[in-house]
Amino acid sequence: MGNFNDISPLNESYTSGNMVAYYSLIPLVIASFSYGNNDVYQYIFRIGGISLFFVMLSTAKISLNRRYLLKVYISPVAWVILYYVVISVYSASLAVNPLLGYWKSFEVLCVFFYILFIANIRQTNKINDILYIDVFKNVTMIILLTSILLKFIITGVSIDKISGYFPIINPNTVGTLSLILSIIYFYKKSFLLGALFFLIMILSGSKTNIVALMLIFIIFLFHYKKYGYSKWITRLTILTIFGLIMVFIY
């Protein structure tokens, strides 16, 4: 449905004007983590988080050229999510508890809306692209570290299969988010923070993320081979070897 050239450039005022919409990622992330048997948590975080997300995202300011008003760019990922929502809604209608299925579809639809928002503005201005990465990094880091710290404070210190306490984050999710953050920080040449989240990923005990790291490492080796191996690759190699040692220990 059009391309990025169909969208008129955003001026600097749109960066500040969309700050609330950018940070709608916070309640969206919290709502995705907050699950469990406590109905109070469900209402406050899942329903409340999604509602707050819509309120914040509704403040978004997107400038479109009038000639291409109906040609709004939707990223391929957003199309896949939208297709998944449609199938989920149909499947939910056949379930024993369709209301639960409808709600899950609604949550996925929220992700679609956020991707649609980002896809329409992040490429129009390099500043916005950098801002989105920083927002994602900061939001995820704060929520993840706060949840892990609360786990240590409330239930005691344990480095075996690290998880989060509030919001509830299981060890596999801790491993996934930590791996993503470590890659972002290494890319930004923040070695200490990258190593910290790499260590958290290892201590989460998530073997899936170790395998994912190995695949990423292999891809990077082939990608950088023609350019020569950088210090970044050397550091990643050391951390990968360390990770394999930790897997054998586990």
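Read from the N terminus on, the elements run α-α-α-α-α-α-α-α-α-α-α. Before you click further, note that this is a predicted model, in which local features need pLDDT of at least 70 and side-chain atom pairs count only at pLDDT 80 or more, while totals for chains, interfaces and linings use all residues. Residues are numbered from 1 along each chain as its sequence is written, and side-chain values use heavy atoms, with hydrogens and water left out.

Of the 250 residues, 38% count as buried; buried means under 20% relative accessible area, exposed over 50%, and partly exposed in between (1.4 Å probe, protein chains only). Among the contacts with a separation of 6 or more, 72% come from residues 24 or more positions apart, a contact being heavy atoms within 4.5 Å.

**Stop 1: H5 and H6**

Select residues 76-93 (H5) and 98-121 (H6). The two helices pack at an angle of about 170°, with axes 9 Å apart; axes are lines fitted to C-alpha atoms, for helices over the stretch in contact, and angles run from 0 to 180 degrees between N-to-C directions. That makes H5 roughly antiparallel to H6 (under 35 degrees counts as roughly parallel, over 145 as roughly antiparallel, 65 to 115 as roughly perpendicular, the rest as oblique).

Now show side chains. On the H5 side look for Ile81, Leu82, Tyr84 and Val85, among others, and on the H6 side for residues including Tyr102, Val108, Leu109 and Phe112. The residues of this contact divide into 15 nonpolar, 4 polar and no charged; Ala, Val, Leu, Ile, Met, Phe, Trp, Tyr, Cys and Pro count as nonpolar, Asp, Glu, Lys and Arg as charged, and the others, Gly among them, as polar.

**Stop 2: the cores**

Next, select Tyr22, Tyr114, Phe117, Leu144, Val174 and Phe197, the residues with the most contacts inside the largest nonpolar core, which has 30 residues. Such a core is a set of buried Ala, Val, Leu, Ile, Met, Phe, Trp, Tyr and Cys residues joined through side-chain atoms within 4.5 Å. Which helix gives the most to this core? Highlight H7, with 6 residues. A second, separate core of 7 residues includes Ile74, Ile81, Val85 and Val108.

**Stop 3: the aromatic rings**

Show Tyr22, Phe53, Phe54, Trp103, Phe106, Phe112, Phe113, Tyr114 and Phe117, which form one aromatic cluster. Rings of Phe, Tyr and Trp (its six-membered ring) pair if their centres lie within 6.5 Å; planes under 30 degrees apart count as stacked, over 60 as edge-to-face and the rest as tilted. The count comes to 10 aromatic pairs.

Zoom in on Phe54 and Phe106, a stacked pair at 5.5 Å centre to centre and 20° between the planes. Phe54 lies in H4 and Phe106 in H6, so the pair ties together parts 52 residues apart in sequence. Phe54 is partly exposed at 28% relative accessible area, and Phe106 is partly exposed at 30%.

**Last stop: Asn170**

Finally, pick Asn170 in the loop between H7 and H8. Asn170 and Phe33 are 137 residues apart in sequence and 8.6 Å apart in space, C-alpha to C-alpha.

Note on methods: Helix = DSSP H or I, 4+ residues; strand = E, 2+ residues; numbered from the N terminus.
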